[in-house]
Amino acid sequence: MKSDSKLLSAPYTVWMTVFIVVPMLLVGYFAFTDKAGSFTMENILSVGQYSNVFLRSIWLGALATAISLGLGYPFAMIIARMGARRQNVMVMLVMLPMWMNFLLRTYAWMTLLEDNGLINNALAAVGLPRVHMINTAGAVVLGMVYNYIPYMILPLYSVLTKIDRSVIEAAQDLGANSVQVFLKVVVPLSMPGVISGVTMVFVPAVSTFIISKMLGGGGNLLIGDLIDMQFLGSAYNPNLGSAVSLVLMVIILICMGIMNQFDDGEANEAVQLGNVNH
Amino acid sequence: MKDTIISLKDITVSYDGEQVLGGFNLEIHDGEFVTLLGPSGCGKTTVLRTIAGFIRPDAGDVFFNDKNITDLPPHKREVNTIFQKYALFPHLNVYENIAFGMRLKGRGEKEIKGTVQEMLAMVNLTGYAHRGVGQLSGGQQQRVAIARALANEPKVLLLDEPLGALDLKLRKDMQAELKKIQQCTGITFVFVTHDQEEALSMSDTVVVMDGGVIQQIGSPTDIYNEPENAFVADFIGESNILDGVMLEDYSVRVAGHSFRCLDSGFGRNTPVDVVIRPEDIKVVEPDATRIVGDVTAVTFKGVHYEMIVDVAGFKWMIQSTECRQVGDHIGLALTPNDIHVMQKSEYSGVFGDYSTFSDEMEEDRTASEEANIREEGDADEI
């Protein structure tokens, strides 16, 4: 029995070793070696000079995550309250943009936001002044929100539909008005969805490079771009690139660890009880 | 009679165009234990949810202490509900669940603590304050729900089939516990159930409902001994319901013979329904009485034997501590006290004799009813 399951899991073990464990080890190796292959701390130490890039990435990623949460939460709540058939349609609409290529969607935003793009032409046509939108931090955040908001909405929607209607009624029954019901019951019970939504938006947003490259111009360099440049760009330096990747990974792990602290107590209990009831 | 605390006037409620209640009237008196009893889909939960404020009636008014509260949202009503599925807050522990209502009212921490301890003691859960509600059994969760509702000091407690999910033994204990709590606190209880035994053993007043209409209101003994129509007679306990003719006051013709009875005021030669409870019938020798028949089935029920007796084609059910064998020719003796006469109603003839009665049938019926309840549960709870 046991050897059977080992045999069955062999392809996955091989896959994970070749494509996850080995690359990770390589990243570690490159990060702590110089071009000649001898051990050095220089790469890691020189990451410090890019702290402004790190801060900008984290700031823009956090901003995009907050906006996604702010927009996604009410939207998920509205979907969760619809009839079953309309819920399915709405969920499909949320996922619809994901069927199109990521690059294509971001290109589309370029043509919309350009100084001579669709939006500015439309503004000019009705006699309003043109607005400079492309190559700004705002455009980068917009791109992040647009691309990653489905990953916020879906986990929120899934957790909100699972909240038992009678628990909300019980809160009303005990004297809670609609604001109190939301703050004291709905929000705490939806925390697992908030945690996974935030994680699923923040992590790719922090490490993105295509969005900032296409919508942010040269002035909004993010960590992703920095890493990209070390491997494929003019500044070819895989050792530094690996060091930056390693530091980014550590930062993301720390962020997720902090998020999971919120998750531990209340949300886990809610999930457990949900399992008992269903 | 105590004052009326809740009064429903001409309440009409429909779901998706289907009318559940039409022109429904009910008065509930202060301090009473009232049970709404009826089969699933009869509208009893709708009545409860209308009182709680979760349903806004299409027409009619709800009065609370003579004040019209029809438009008052649930959180402003001085009633609390015990839900069938407990509906405890899964993200809060027992203490915080019970404190929920008091915190909303901005009570001091000291007062909250005192009340929570008092409530926990009342429902025999002292020492459970800091458990998570997910760790509790069904019965314990329901007791937390009761404590949570009572901590809010409601004037009226609404209970929506609160014992439905518990096993038989626990249900009996909880019945006694609920009755005790009601007597201690003096709070008006409005209890919804489809279990007639539960209704009879707990209530001061039973309201029997079917099809959104009240069939009878009365004390448990009234409902059992003096059912107003064939539906009530059949729903509450076992009964033999026969066609009869009221010859004159205190005399009824049933099963081909005329009997003296205690009923009057039906007029002469009026067709009526006659109820005879299985446990009232005495088994005697065939030559000692006018009703004679053959035993066709015998079931041992513990306290008594349940026998089906064929009397000229009509199958009677009798319950007796004396055992007879299948095929025995026996006599059935009745005293005037055993015969209860009812007006003919729309339910006349719906409930026939026990000719289709068998234990297997009964089990199948109960099982399919339970399945219905589960299916209709959602509709019932809207």
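1. In this predicted model, strands β17 and β18 of chain B form a hairpin with 2 residues between them. Ala312(B), in the turn, has a positive phi of about 50°. The two strands, residues 305-311 and residues 314-320, run antiparallel and are joined by 7 bridges. Within this pairing, Glu306(B) stands opposite Gln319(B) of β18(B).

2. The largest nonpolar core has 108 residues. Those that touch the most other members are Ile51(B), Ala145(B), Ala147(B), Leu158(B), Val190(B) and Val252(B). Helix α4 of chain B, residues 138-151, provides the largest share of this core, with 7 residues. At least three residues of the core come from each of two domains of chain B, domain 1 (4-225) and domain 2 (240-368). As general background, nonpolar side chains tend to be buried together in soluble globular proteins.

3. Which residues does Ala145(B) touch, not counting residues up to four places away in sequence? Its contacts are Ile82(B), Phe83(B), Tyr86(B), Ala87(B) and Leu88(B). A second, separate core comprises 44 residues, including Tyr73(A), Tyr151(A), Ile195(A) and Ala205(A).

4. Helix α8 of chain A covers residues 165-173, and its buried residues are Val167(A), Glu169(A), Ala170(A), Ala171(A), Gln172(A) and Asp173(A). What do the buried residues of α8(A) pack against? They pack against α9 (178-207) of chain A, and also against α1 (44-52) and β6 of chain B. Gly175(A), which follows α8(A), has a positive phi, near 110°.

5. The contact between the chains takes 22 residues from chain A and 20 residues from chain B. On the side of chain A that touches chain B, α8, α9 and α12 (238-277) each supply at least two residues. The most is given by α12(A), with 7 residues. By class, this side of chain A has 10 nonpolar, 7 polar and 5 charged residues.

6. Lys76(B) lies in the loop between β5 (67-68) and β6 (79-82) of chain B. Is Lys76(B) buried or exposed? Lys76(B) is exposed, because 12 other C-beta atoms lie within 10 Å, and a residue counts as exposed at 12 or fewer. Lys76(B) and Phe189(B) are 113 residues apart in sequence, and their C-alpha atoms are 19 Å apart in space.

Terms used. Residues numbered from 1 in each chain as written. Chains lettered and ligands numbered in written order. Predicted model: local features only at pLDDT ≥ 70, side-chain atom pairs only at ≥ 80, totals over all residues. Core = buried A, V, L, I, M, F, W, Y, C linked by C-beta atoms within 7 Å. Buried ≥ 20, exposed ≤ 12 C-beta atoms within 10 Å, placed from the backbone. Helix = DSSP H or I, 4+ residues; strand = E, 2+ residues; numbered from the N terminus. Domains from an automatic or database assignment. Contact = placed C-beta atoms within 7 Å. Nonpolar A, V, L, I, M, F, W, Y, C, P; charged D, E, K, R; others polar. Pairing = 2+ DSSP bridges.
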